[in-house]
Amino acid sequence: MNDPQPAAAATVTAARPPADLRARVASYRDELIELRRDLHRHPELGRQEFRTTRLLRERLVAAGLEPRVLPGGTGLLVDLVPPGTAPGTPLLAFRADIDALPIDDAKQDVPYRSTLPGRAHACGHDVHTAVVLGTGLVLAEALAAGELARPVRLIFQPAEEMMPGGALDVVAAGGMEGVGRIFAVHCDPKVPVGRIGLKTGAITSACDKVRIALDGPGGHTARPHLTTDLVTAVAKLAAELPAGLSRRMDPRWGVSLVWGRIASGSAPNVIPQHAELEGTVRCLELAGWREAPEVLEELVAHLAETHRAKWTLDYHRGVPPVVNEAASIDQLETAMNARFADGSGPVVEPTEQSLGGEDFSWYLEHAPGALARLGVRGPHEKGSRDLHQGDFDADERAIGIGVELFAALALEHARI
């Protein structure tokens, strides 16, 4: 395994890893489960996570740490730095996203069902938050005992579900300054609890929003030749742009343009003056993500001008793909096997690239790292309750597994 070397020569206080790491993690089990349930009952949307931020800050302060609230008032950064750490020593970072989704919680049989209509932790961010908080509590003990040999940064990020994502808030606030490697987990209801899914390279996809507006003078449907037939024009764009984009770009990039909204007109015998298309561009590879806007603009210009329509293209950048670094994946696999493999079955399994977007990708523009899929499917779960659905839930044993994995990386396995 060829790990990158530290960005700067550095020394830290000699430390010994704790022999009772699992017991320390277990000592926080009930507290972390209750925190997760509290967050689940009180979900907050992106950049509105004031209550969540306050709860996290109070607990971190009680653990002897000094969290910093992000300038927007939601989200936190907290550093754990061993005494004697040399200036320039790169930090090992762990990220949690703390926001919820604007959907109803459809679960009826749990005491932690959302109390707020139209809001739910249906993507597992409450689990992610509990994992990183638990990691901080365990590492705070290790720091006090002289067992933490490296500086660590915990990132509690707002607004992951928004485009282009709250990760950019963290970056703008200096959250990636000095970070040498970063890790995160994301709940996966297809992976059994007790396992993680790993993939080197791209594990999510780029996702951008597109809005096209067409304009013309309008007219009577009896005389389309005297005006701009916008309905025909917008229909042509809707039908031909996806195919044209796929033929202009390397098919290995997996570029996909799909429409979610088309609108034009108000009467059957009136040619309208305005039409709109909205959709998403998704892409498997970073190279395709960078090239797509220019290619799409050329295609829109050609088709719109063919139909004598004035046009505007609003190409709203979302997120690039999350591209996991090989060395970081190796470290996750090593730590997971060292902590949990007992011969009864694999604890690490391969996973596929998703077409979903994840703003963890913005962190990887600044430091190498990896996103792992944390198994949350219980042994008696029939099928899987997918992400972004109102009945999503998680086997809460996954919290302790995530905490122990991250703590082990910080104390024993990670190299920067």
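**View 1. Salt bridges across the whole structure.** A search of the whole structure turns up 33 salt bridges, each being a side-chain nitrogen of Lys or Arg within 4 Å of a carboxyl oxygen of Asp or Glu. One of them pairs the side chains of Asp393 and Arg36, at 3.0 Å from N to O. This pair links distant parts of the chain, 357 residues apart: Asp393 is in the loop between strand S16 (369–377) and helix H10 (397–413), while Arg36 belongs to helix H2 (residues 29–41). Helices (H or I, at least four residues) and strands (E, at least two) are DSSP runs, numbered from the N terminus.

A quick note before going on: this is a predicted model, where local features need pLDDT of at least 70 and side-chain atom pairs count only at pLDDT 80 or more, while totals for chains, interfaces and linings use all residues. Residues are numbered from 1 along each chain as its sequence is written, and side-chain values use heavy atoms, with hydrogens and water left out.

**View 2. The two domains.** The domain assignment, with bounds from an automatic or database source, gives domain 1 (21–204 + 321–413) and domain 2 (211–316). Their centres, taken over C-alpha atoms, are 39 Å apart. Where they meet, domain 1 puts in 11 residues and domain 2 puts in 8, with contact meaning heavy atoms within 4.5 Å.

**View 3. What the domains bury.** About 720 Å² is buried between domain 1 and domain 2, and carbon and sulfur atoms give 63% of that. Buried area here is the accessible area (1.4 Å probe) that two parts lose on being put together, summed over both. Pro321, Gln353 and Leu355 supply 56% of what domain 1 buries against domain 2, more than any other three residues.

**View 4. A stretch named in UniProt.** An unreviewed UniProt entry lists residues 210–306 as "domain: Peptidase M20 dimerisation"; positions follow the numbering used here, feature names are shortened, and annotations may be inferred rather than shown by experiment. The span is 41% helix and 30% strand, and its end C-alpha atoms lie 21 Å apart.

View 5. Most residues other than glycine have a negative phi, and most peptide bonds are trans. Met163 and Pro164 are joined by a cis peptide bond, with omega about 5°. Pro164 is found in the loop between strand S4 (152–157) and helix H5 (167–172). Ala159 is in the loop between S4 and H5 too, and has a positive phi of about 60° although it is not a glycine.
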